[in-house]
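Colleague: I would like to learn how to read a model like this one. Can we take it feature by feature?

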Amino acid sequence: MTASNTHERVLVIRPTTALSWQDFRDAWDYRELLWILALRDVRVRYKQASLGVAWALLQPLTQMLVFTVLFNKLAGIKADAAVPYSVFCFAGLTVWGLFANGLSHSSESLIGSANLVTKVYFPRVLIPLAAIVTAVVDAGITSVLLVALMIWKHVPFHASIVFAIPIAAVAALCAAALGLWMSALNLRYRDVRYALPFFIQMLVYATPVFYSASLLPERYRVWLTLNPMAAVVDGFRAALFGTPIPFARLGVAAAIALVVGALGFVRFRQLEQTFADRI
Amino acid sequence: MSNPIIEARGLGKEYVLGASGRSTFREAIIGGLAAPLKMLGRKRPSRETFWALKDVSFDIARGEAVGIIGRNGAGKSTLLKILSRITAPTNGEVRLHGNIASLLEVGTGFHPELSGRDNIFLNGAIMGMSRAEVRRQFDEIVAFSEVEKFLDTPVKRYSSGMYVRLAFAVAAHLQPEILVVDEVLAVGDASFQRKCLGKMQSVASGGRTVLFVSHNMAAITRLCTRAILLSHGSVAADGPVAKVAAVYAGGTTGESPTEVDFRKRGKAPGSEHAKLLAARIIGDQPGSPSIDIRRSFSVQMDFEVLTDKYAVNPNLHFFNEEGACVFITGDGYLRENQRPRSPGVYRSTTTIPGNFMSEGMFSVDVAISTSDPVLVHAHERGLLSFNVYDPGEGDSLRGHYAGPFPGAVRPMLPWTTERLGAVVNLRESGEA
């Protein structure tokens, strides 16, 4: 059984906890499934709801209206770029929604896929990742409305808008990084399911979504560096409205997300082996 | 076995009993805080664990069809889950020299809101088929499922039969080198089951390796050449189906189920009038509990008559796997046996004809009794057991049919069919 067939793949099933090449090979073999799972989620969501795609728009739109009335009209918060507050806020909500929806969908995804996890093998990591993909699709739909809003409000377009896409990708990366952790921990500690929505709600205040980071006194602004999403939201708006993009802070944000995500993947792989026993 | 496709070595799986291993933050936090205290001498309270599998090793050769059998809780599903990579073993390892697909369920991942078409692709991908592979076999899958007309209907509107047919159609078109099948075949209507079993057999004979997990010996005997018996998480027997069936039938006592000799045990059950000494099944192969459905076999009992007060009659009660009494037979129908016998040792033998029993496991109660007045001198429940199998060579009642074949008995009765005349076309005359 040595060199009889060099092309033969030997699959070893053992109680290992170490990350191996097999994991990456598996994930690659099953790459099609990622899209199919994501497509399923998107289709099902819009098929079941009578308002369909409108739901992807309704949520940020309502949030934007509420924030505009509360913070702009009543509290007098202004946009820092030369754009109307509603556009400023909606831009923030678009990229924030990508993160928040991605994170909450992915953290619930494993529990919601119990029927798959206990019945068939495929790299489990595809489940939270597919949830991120669906959030990306939603964000794509919201972006169409964002562009429409910019045209309506006569906000000029800048060449820097091309950076909006890689910056949004950093938001998706952040969501995926945390989502890997949360989905796995959710199986172990069901507390996650209650704590996470609260955490996301708090984080929206710690992120300059409906206000501008420039409103904060200089000495507090340093703390925003610790929140990768702050850089993402700032950067996304800067790309749209033609103000200087904070590339350095975005780099830090992406690096943080990558490290958290890589550790999350390792931890996910360890926990993955007993998912079926815990679900 | 020079070239095994599956090598399992020392597989073990430990489960923590209780709250399915789920814990809360609070426990984790308290546990974390208490950990340093525990190190100060006090023993960590051991969690109650349970080994679902223990030191399981086997090799399976390419192209073999192997049945994995065992009673509920023997570890079958745990082994299945490890082989399918749904859960990791606690120790040991398995080496698979080929790609594997497992059917623990048909229609895994089916979404009720999606159409039949969408679900074929979804389910195919989940089972490990590439999109191109599904597309290539799409027409065949649809034809196999017999739901062509409803392809674009959400599967939530399907009848349960249609649902299962579609699900199985996808599964049946998987082309792995190793196929692991749970008892999922107990689905769908009879004609569809036949189709599925036929498809499974063609998979096995097509050089692919099939592992079939069941607690139904008849199904395993029909589909597999070799069987592995699991008992309390360990391999209790591994070998040709007939041999393993013998061990399975023997249960946990370890006694040969085909023969019991009470003289060797030193204590014979019975009354002051009669005692049962021994009972045995005599089939084609001595000592084997597997009976070819086409062949007759004998059941023999030795008993001792101690007084000549009553007419003492040996009798046998046959029970099937469902615990239903299939029939009772005894020698009391003969005039000469309705009189008391002179004291002594007797041997009675009865022959069960071929093509009479149905397939499956049977257990036999062995008794000696008197009918007038009613006296039971000895009644040993489930003393013997045996397995009737159909080798499927086409000359049994089954013919070439491979599907489920119900019935407590399967007698081959005389039939006559004769031609009465020319075709009478009723449809035409009806329309006229």
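Colleague: In which sense do β8(B) and strand β9 of chain B pair, and over how many bridges?

Modeller: First, the ground rules. This is a predicted model, where local features need pLDDT of at least 70, side-chain atom pairs count only at pLDDT 80 or more, and totals for chains, interfaces and linings use all residues. Residues are numbered from 1 along each chain as its sequence is written, while chains are lettered from A and ligands numbered from 1 in the order in which they are written.

Modeller: Now the terms. Helices (H or I, at least four residues) and strands (E, at least two) are DSSP runs, numbered from the N terminus. Two strands pair if DSSP finds at least two bridges between them. Here β8(B) and β9(B), residues 234–240, pair in the antiparallel sense over 6 bridges. One bridge sets B:R226 against B:P240 in β9(B). The hairpin of these strands has 2 residues between them, and B:H232 there takes a positive phi near 50°.

Colleague: What is the strand order of the open sheet of 6 strands in chain B?

Modeller: The order is β5-β6-β7-β3-β8-β9, with mixed pairing. β5 (100–103) and β9 of chain B stand at the edges with a single partner strand each, so one side of each has no neighbour in the sheet.

Colleague: Which strands does β3(B) pair with in the parallel sense?

Modeller: One is β8(B), residues 226–231, joined to β3(B), residues 65–69, by 4 bridges. There B:I68 stands opposite B:I228. The other is β7(B), residues 209–214, with 5 bridges to β3(B). B:A65 has B:V210 as its bridge partner in β7(B).

Colleague: Which strands of the sheet does α2(B) touch?

Modeller: Contact comes first: two residues are in contact if their C-beta atoms, placed from the backbone, lie within 7 Å. α2(B) packs on the sheet and touches β3, β5, β6 (178–181), β7 and β8 of chain B. The direction of α2(B) makes about 140° with that of β5(B).

Colleague: Why does A:A257 count as buried?

Modeller: A:A257 counts as buried because it has 23 C-beta neighbours inside 10 Å. A:A257 lies in helix α11 of chain A, residues 247–272. Leaving out residues up to four places away in sequence, A:A257 touches A:V170, A:L173, A:C174, A:A177 and A:P228.

Colleague: Which residues touch the most other members of the largest nonpolar core?

Modeller: A nonpolar core is a set of buried Ala, Val, Leu, Ile, Met, Phe, Trp, Tyr and Cys residues joined through C-beta atoms within 7 Å. The largest has 185 residues, and those touching the most other members include A:F99, A:L126 and A:C174. Helix α7 of chain A, residues 164–188, gives the most to this core, with 18 residues. Beyond four places in sequence, A:L126 is in contact with A:Y30, A:L33, A:L34 and A:L37.

Colleague: How many residues of chain A are in contact with chain B?

Modeller: 32 residues of chain A are in contact with 38 of chain B. On the chain A side, α2(A) gives the most, with 8 residues. Strands cross over too: 3 bridges join β1(A) to β4(B), residues 91–96, and the two run antiparallel. A:V12 has B:R95 as its bridge partner.

Colleague: Where in chain A does pLDDT stay under 50?

Modeller: pLDDT is the predictor's confidence in each residue, from 0 to 100. Where it is low, the predicted coordinates should not be read in detail. In chain A, pLDDT stays under 50 over residues 1–6. The mean pLDDT of chain A is 86, and 94% of its residues reach 70 or more.

Methods:
Buried ≥ 20, exposed ≤ 12 C-beta atoms within 10 Å, placed from the backbone. Axes fitted to C-alpha atoms, helices over the stretch in contact; angles between N-to-C directions.
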